[in-house]
Amino acid sequence: CETMGAVSSGLSDGILRANCCVQRRPPVRCFNPHLNLQLLKLEHSGARIEEVWLVKQENERSQMSQGFSPMVAEPAETRLAIVYNISESASQPSLKPLRLDWQPDGLAFMQGGLSKSCVSVKVPAEPLSLEVLIQHLHTLEKREYDPQSFTSKDFCEYLFNLIEGKEERSKAQS
């Protein structure tokens, strides 16, 4: 009888030993049902996207606390997040940031998340419906995190480039 997922030690003393077990996880897809629900709620309330920011990710601890090896994570200098500044209604002109982070453990989001490390800002000619973002994310649902070909930088630049509007780059990035 052989145990699935275990590797025997190779000792011939009659005792089955497991030297290692590899935790097998399905590939992480670019999908977050909680984000989708939040976007649908915002869309239903009439919220609009006013600006889109590309920001450098500042917190390396989030990846380390999730148990990801820095060897498979992308270099700190290339990690990006994308922030959508959203007006919830015409009567409330204040903007609320919605930050999206694509990391080895999946697609995360948070309210807030503006950063002093802004790479670029894009302002659409007209405020965009949240349906636009929902459709953009839908095109990425089957994509998997890949440290070689689909990192946070690839994810953020893809979404940022789908938005048409006036772009301003940070002077530090020029």
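Residues are numbered from 1 along each chain as its sequence is written, and side-chain values use heavy atoms, with hydrogens and water left out. Because the model is predicted, local features were required to have a pLDDT of at least 70 and side-chain atom pairs a pLDDT of 80 or more, whereas totals for chains, interfaces and linings use all residues.

The protein chain contains four helices and nine strands, taken as DSSP runs numbered from the N terminus (helices H or I, at least four residues; strands E, at least two). Along the sequence these elements follow the order β-β-α-β-α-β-β-β-β-β-α-α-β. Of the 174 residues of the chain, 35% count as buried, where buried denotes under 20% relative accessible area, exposed over 50% and partly exposed the range in between (1.4 Å probe, protein chains only). The chain exposes about 10900 Å², of which carbon and sulfur atoms supply 53%, with areas computed by the Shrake-Rupley method using a 1.4 Å probe and, for residues, only the protein chains shown as cover. Among contacts (heavy atoms within 4.5 Å) with a separation of 6 or more, 72% come from residues 24 or more positions apart.

Leu35, Leu39 and Leu42 of H1 are buried. At the start of the helix, a side-chain oxygen of Asn32 comes within 2.9 Å of the backbone nitrogen of His34, and H1 is followed by Gly46, which has a positive phi near 90°.

Ser87, located in strand E4 (residues 80–89), is buried with a relative accessible area of 7%. The side chains of Ser87 and Glu50 are joined by a polar contact of 2.7 Å.

With a disulfide defined as a pair of cysteine sulfur atoms within 2.5 Å, the count comes to zero. Cys156 is in no disulfide, and the nearest cysteine sulfur, that of Cys30, is 9.6 Å away. Cys156 is buried, with a relative accessible area of 0%, and Cys118 is also buried, at 18%.

Terms used. Polar contact = N/O pair within 3.5 Å; in protein donor to acceptor, adjacent residues only side chain to side chain.
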